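Here's a quick briefing on the structure shown below.

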Amino acid sequence: MKRLATLFLAAAAALSVPAAAQEITFTGSEPLQLPRNFFFGAVAGVASDSKGQVFVYSRTGTPVATLGGARPFVRGGSVLTQFDRNGKYVRSVGQNLYGALAAAAVRVDRNDNVWIVDTYSGMVIKFDPQLRILMMLGRKPEAVQVPAQPNTGRAPAGAPAASGMQADLFEMPTDVAFDNDGNIFVADGTANARVAKFDRNGVFVKSWGGRGQGNDQFSTARSIAVDASGNVYVADRGNNRIQVFDNNGAYKSSITTAGNPQAICISPGAHQYLFASNSNPVNDIDAGGEIYKLELSGTVVGKFGRAGRSLKEFNAANAIDCRSANQLYVAEMGNWRVQKINLP
């Protein structure tokens, strides 16, 4: 029995180690030009639009709390910043935005609408290309009880029992993605460990997932992407895998060849690639850090980068933008920056 247990543990450990992969040569730069005395803070998200403009959602570290007995009201804390195709600063919004507390992600859809995901306000906010608010999913609590009270929210029929919030509300969401029909997929990933699907008008359709290690369960649903066929890819950080589902949430497969993925994206075009960051944990700058380029099947094409502080190194990479398969933007929480990566 002891021998069997030892063999089982060894096999499990082997599965968590990324497969050997060919090193991809690449260049890295920091092209985004910030105004004087303006700093990103921890960069949670980066995305580009069809015109080459770049949007960054970052934690500036300046939230404002108004105390009211045991119920503090909080606003501010994160900023959405826009740059033109040459990296020149255009503008920032969100300094006092009601739902911008702790940035989690920013994505741009096929119509160049800009979406931000905020982990503390529990909101997903859609802006038009001129950064005017169009839609809000979820709802920020009016106040936070101190000390925290037990979560008594009940999920309606069809929602996973492991979810502590109603199916159309979020608790610490992490990312958002879209299919070709405009359906919206939210990784409600930190507290609820699930995926919520909405139609193009923001009407809740269904959700799936829950805490665990089995198929259709997540340790943390950390990042999300959708391919041209409508399949949904979820970075299951903590379980060392990317789970793949069909458009209705039915489990299809798991990709275990990219370490412990923190950030994923899928490039457009006839031949799509999946990029996944084996981001180092926040308490170990020397671990992991490489980014994998994979076929959608999970076959590794190659990898590049490592954990560190210099150019071409990554510290807690939290988001990847891959509008082009050969030109990426990587958002780093640890290095407070965005790197532009060029691949051959």
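A residue counts as exposed when its relative accessible area is over 50%, and as buried when that area is under 20%. Keep in mind that this is a predicted model. With that cut-off, W336 comes out as exposed because its relative accessibility is 53%.

**Positive phi**

- W336 has a phi near 55°, which is a positive value in a residue other than glycine.
- You'll find W336 in the loop that runs between β27 (327-332) and β28 (337-342).
- A316 also isn't a glycine, and its phi is near 55° too, a positive value.
- The place to look for A316 is the loop between β25 (313-314) and β26 (317-324).
- Buried or exposed? A316 has 10% relative accessibility, so A316 counts as buried.

**Nonpolar cores**

- As general background, nonpolar side chains in soluble globular proteins tend to be buried together.
- The largest nonpolar core here has 18 residues, and F55, Y57, L80, V106, V114, I116 and F127 are the ones with the most contacts inside it.
- Which elements give two or more residues to this core? They are β2 (42-48), β3 (54-59), β8 (103-108), β9 (114-118) and β10 (123-127).
- There is also a second, separate core of 17 residues, with F314, I320, C322 and V330 among them.

- β8 is mostly covered, with 6 of its 6 residues buried.
- β8 pairs with β9 in the antiparallel sense, over 5 bridges.
- Within that pairing, R107 stands opposite W115 in β9.
- The two strands, β8 and β9, form a hairpin with 5 residues between them.
- In the turn of this hairpin, D112 has a positive phi of about 65°.

**Aromatic pairs**

- How many aromatic pairs are there? The count comes to 11.
- Take F185 and W208: their ring centres are 6.5 Å apart and the planes sit at 65°, and since over 60 degrees counts as edge-to-face, so does this pair.
- This pair links distant parts of the chain, with F185 in strand β13 (residues 184-188) and W208 in strand β15 (residues 204-209), 23 residues apart.
- F185 counts as buried because its relative accessibility is 0%.
- W208 has 5% relative accessibility, so W208 counts as buried as well.
- F185 and W208 also belong to one aromatic cluster, together with F218, F245 and Y251.

**Charges over rings**

- K140 lies over the face of Y98, at 4.0 Å from the ring centre.

**A buried asparagine**

- N183 lies in the loop between β12 (175-178) and β13.
- With a relative accessible area of 14%, N183 is buried.
- What does N183 touch? Not counting residues up to four places away in sequence, N183 touches A177, F178, K197, F198, D199, R200 and N247.

Methods: Residues are numbered from 1 along each chain as its sequence is written. This is a predicted model: local features need pLDDT of at least 70, side-chain atom pairs count only at pLDDT 80 or more; totals for chains, interfaces and linings use all residues. Side-chain values use heavy atoms; hydrogens and water are left out. Rings of Phe, Tyr and Trp (its six-membered ring) pair if their centres lie within 6.5 Å; planes under 30 degrees apart count as stacked, over 60 as edge-to-face and the rest as tilted. Helices (H or I, at least four residues) and strands (E, at least two) are DSSP runs, numbered from the N terminus. Buried means under 20% relative accessible area, exposed over 50%, partly exposed in between (1.4 Å probe, protein chains only). A charge sits over a ring if NZ of Lys or CZ of Arg is within 6 Å of the ring centre and within 35 degrees of the ring normal. A nonpolar core is a set of buried Ala, Val, Leu, Ile, Met, Phe, Trp, Tyr and Cys residues joined through side-chain atoms within 4.5 Å. Contact means heavy atoms within 4.5 Å. Two strands pair if DSSP finds at least two bridges between them.
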